[in-house]
Protein chains: 2
Amino acid sequence: MSKQITVFAPATVANVGPGFDIFGFALEGIGDTISISETDTGEISITGGKHCESIPVDPKLNVAGVAVQAMFDEAGKTGAGVHLHIEKNIIPGSGLGSSASSASGAVAGVNMLLDLGFSSQELIRFAMIGEGAGGSTPHADNVAPCLLGGFTIVRSYDPLDVIRLPEIPELHVAIVHPQLEVKTSVSKKMLKREIDMKTATLQWGNIAGMVTGLLTKDYELISRSMEDHVAVPVRSMMIPGYDSIIQIAQDSNAIGASISGSGPSIFGFCKTGTEAKMLTGRFGEVFEELDIEYNLYVSKINPKGVSV
Amino acid sequence: MSKQITVFAPATVANVGPGFDIFGFALEGIGDTISISETDTGEISITGGKHCESIPVDPKLNVAGVAVQAMFDEAGKTGAGVHLHIEKNIIPGSGLGSSASSASGAVAGVNMLLDLGFSSQELIRFAMIGEGAGGSTPHADNVAPCLLGGFTIVRSYDPLDVIRLPEIPELHVAIVHPQLEVKTSVSKKMLKREIDMKTATLQWGNIAGMVTGLLTKDYELISRSMEDHVAVPVRSMMIPGYDSIIQIAQDSNAIGASISGSGPSIFGFCKTGTEAKMLTGRFGEVFEELDIEYNLYVSKINPKGVSV
């Protein structure tokens, strides 16, 4: 009988206010479930279940396939055969790291199944290669929290250096996913290529504030540091209702709210699950009124990352 | 008999690697000693002692005078008279926050002497106004650590929001001050007004890494995060011997080294006082060979800031 494993790879929120391209955290309950079996075909094959209709099953085009292939290439496992069956419980294109979940879950699962012995930092590198196959520049701000869990910082790409914050305060996340199409590749092109030094300095003040707030469990400081002067001013223009959502988060005494990744999902941080639940309800009303379909999620920060 | 107080206002290191315009820390033993007396002249008067030859004593031009005047204006103390006698144990223009020491020490001292009741955050604001009189844009990355002690972050100027890290690891600082003239105002003009997004992202990765390293007492992470892509590449060109100093710091297994403020002083972080002392010795050899006069200092991080 062939070996088999099923992993859950969480959805993730990247950028997280000021941390454009460097901050990210993992969610609970939302993400990909990937069943992986060893086969004797000598090839990687993929099938997709729920919410995978728009995803290519050709392993050379699928982010999970490309990621696993990169890992096989490095391991010298050219003749290995695996079959991946991917199920998603959230629609791709939400801005919640859907392709990162597939790529990360696949490499973490195959690494375990075939006992390849790669470290988390190495898996991040393979998952990044996979994610790059989805059309965007390889980046790690979704794959890192997906694989490591918790709140992560991509300090550097060359060499790759990902830090996982050892301890963060209790945070409950309210998420609304308005069903608007925002392509990450298009969204990236809208951003300025240069920023003035004054804006950059504001941004790094908030980054330093955010990290300090998280590590010292200072909700007020996290709240003050959530502003982003780089991506949100541009990306929020593509999300109808964004300003109302931010206003509601402020009025509800949420810690802060911002765009998840390149959108269209928006998240808010709350101190309790009850507050986060109430906040999603009010987020929903905004899109109800705009007559835009939406999904709501409430989650804590997932400390584990990919799990069996 | 008139009231009198003498305060010590420490020298400070600003920027500290990647934290251009936001990071700073206070030193021990180096700085200004300011003797302040209440007078019945209804005016601010200033005299200077050691190393104050180049400093204007006109209170409208002296950073300490301007800072105290700003505080008097806000307190409604228009008729108050104080005399400040300033002594420095380090030459101004070193890049170790000499004018910030004078401005901070003066407002902190007068605040205590006349029992004006201003908070540290308010004193930072007055000291900034004073420092601005020295020809540079008012900034807080020297006055904040001088007043608060420890390692500080200027998160925001509008509103002013300064964070003092609650705990940092033991750090010993090796400092060399080569006696070259570097005017902060000129040095600021040499910096680019815009930076590309890729550089900015690298910079905030290091800022996040530095704060995490300090708060989790991870010397390795502090070391990896010390690189600056914004100011050091430009400012180091004005400091002969800079590259040798950095090489020596690396060879000596120092945690890291960088320019203090806008230079010309260079500092290195070490884990022990013995290492820091050895490192300054080797720093000195570089300038000995270049036939440039220099001063050496070894200091811990001063947790107190301005003290009586």
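The legends below describe close-up views of a predicted model with chains A and B.

**View 1. The side of chain B that touches chain A.** The contact between the chains involves 34 residues of chain B and 35 residues of chain A. On chain B, at least two residues each come from β5 (151–157), β6 (160–164), β8 (194–196), α6 (197–215) and α7 (219–225). Helix α6(B) gives the most to this side, with 13 residues. Sorted by class, the side of chain B that touches chain A holds 17 nonpolar, 9 polar and 8 charged residues.

**View 2. Strand β8 of chain A beside β8(B).** Strand β8 of chain A covers residues 194–196 and is joined to β8(B) by 3 bridges. The two strands run antiparallel. Within this pairing, A:Asp196 stands opposite B:Glu194 of β8(B).

**View 3. The crossing of helices α2 and α3 in chain B.** Helix α2 spans residues 98–113 of chain B, and helix α3 spans residues 120–132 of chain B. Their axes come within 9 Å and cross at roughly 135°. Angles over 145 degrees would count as roughly antiparallel and those from 65 to 115 as roughly perpendicular, so α2(B) is oblique to α3(B). The crossing of the two helices is right-handed.

**View 4. Residues in the contact of α2(B) with α3(B).** From α2(B), the contact uses B:Ser99, B:Ala100, B:Ala103, B:Ser104, B:Val107, B:Ala108 and B:Asn111. From α3(B) come B:Leu123, B:Phe126, B:Ala127, B:Gly130 and B:Glu131. By class, the residues of this contact are 7 nonpolar, 4 polar and 1 charged.

Terms used. Residues are numbered from 1 along each chain as its sequence is written. Chains are lettered from A and ligands numbered from 1 in the order in which they are written. This is a predicted model: local features need pLDDT of at least 70, side-chain atom pairs count only at pLDDT 80 or more; totals for chains, interfaces and linings use all residues. Two residues are in contact if their C-beta atoms, placed from the backbone, lie within 7 Å. Helices (H or I, at least four residues) and strands (E, at least two) are DSSP runs, numbered from the N terminus. Ala, Val, Leu, Ile, Met, Phe, Trp, Tyr, Cys and Pro count as nonpolar, Asp, Glu, Lys and Arg as charged, and the others, Gly among them, as polar. Two strands pair if DSSP finds at least two bridges between them. Axes are lines fitted to C-alpha atoms, for helices over the stretch in contact, and angles run from 0 to 180 degrees between N-to-C directions. Angles under 35 degrees count as roughly parallel, over 145 as roughly antiparallel, 65 to 115 as roughly perpendicular and the rest as oblique. A crossing is left-handed if the near helix is turned anticlockwise from the far one by less than a right angle, and right-handed if clockwise.
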